[in-house]
Amino acid sequence: MIFTEEQREIQALVHAFAEKEIRPLSRKYDELGEFPMELYKKACRMQLNCLDLPEKYGGTGVSKVTSCLIREELSWGDAGFSLSLGANGLGFKPLLIAGSEAQRRHFADVLLNDGFTAFAITEPDAGSDAGSMKTTARRVGDEYILNGHKCFITNGGLADVYTVLASTDKSKGAKGLTMFIVDRDTPGLSVGKHENKMGIRLSNTADVIFHDVKVPAANIIGGEGKGFRIAMETLNQGRAGTCSSAVGLMRAAFEYAMK
């Protein structure tokens, strides 16, 4: 593929950021297993914290190809740091797919104020088998009450707002899943253990627990029973970014081996 001059300039700019800002801090925070917040604020000033945020909501509105170039360079700097930024996009994608204007602007406000989002699907007994999901959402009047336990959630301990998949009808399996917006400060929501991972350690990975968490019906994304389709489309849209991150990581490994 032949890239435009603008894309090459953006690529060079992000590469310089990765080389001068990310790499000098990477080893320290990798050993600590912590996320570097000051570095994140610098990335936010460059609008790298959510490449999926459209221009109309305050984002850069970069193309998918440009976004992949940026993710590659960030991962060349540090895969964990890049993943945390990318996870913001994963949390926002369900809104782009099926969210209302108000819901999209709520998430955009979080990101434009240097916040984090997270996409909460995986559970101890339900990963690829979404039909086995145990997190439930029971309707009571104009609210839903969520109960359940999510695990391995990227940005789980950092997020200000989550997109959460829960079952509103267990009898329907995957067709009974619904996606909700849940704010971090909602009573009953808590963050569990932080995973002490073997690699990609700058990225926060944690359990998120829901105990009688009350969520307004207006926080449903796309309608009841539409959650599985939205979740799968979200993951499909994220695959190119994940692959570009892998390319950046492989480039870094190759260069290190050559030296």
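Predicted model: local features only at pLDDT ≥ 70, side-chain atom pairs only at ≥ 80, totals over all residues.
Which elements each supply at least two residues of the lining of the largest pocket? I looked: they are α3 (64-77), α4, β3 (143-154) and α6 (227-258). Helices (H or I, at least four residues) and strands (E, at least two) are DSSP runs, numbered from the N terminus.

Residues are numbered from 1 along each chain as its sequence is written, and side-chain values use heavy atoms, with hydrogens and water left out.

**Largest pocket.** I got a volume of about 980 Å³. Its lining has 43 residues, with Arg71, Gly86, Leu90, Gly238 and Thr242 the closest to the centre. α6 gives the most, 12 residues.

For the record, a pocket is an open set of points on a 1 Å grid over the protein atoms alone, where a 1.4 Å probe fits, with protein on both sides within 12 Å along at least five of seven lines; lining residues have an atom within 4 Å of a point. Grid points are joined across faces, edges and corners, and the volume is the space filled by probe spheres set on them.

**Asn88.** I found asparagine 88 in helix α4 (residues 79-98). It counts as buried because its relative accessibility is 0% (buried means under 20% relative accessible area, 1.4 Å probe, protein chains only). Beyond its neighbours within four places in sequence, asparagine 88 has contacts (heavy atoms within 4.5 Å) that include Tyr40, Cys50, Phe116 and Asn155.

**Strand β4.** I checked residues 161-167: seven of the seven are buried, so β4 is largely enclosed by the rest of the structure.

Key. Buried < 20%, exposed > 50% of the residue type's maximum accessible area, 1.4 Å probe, protein only.
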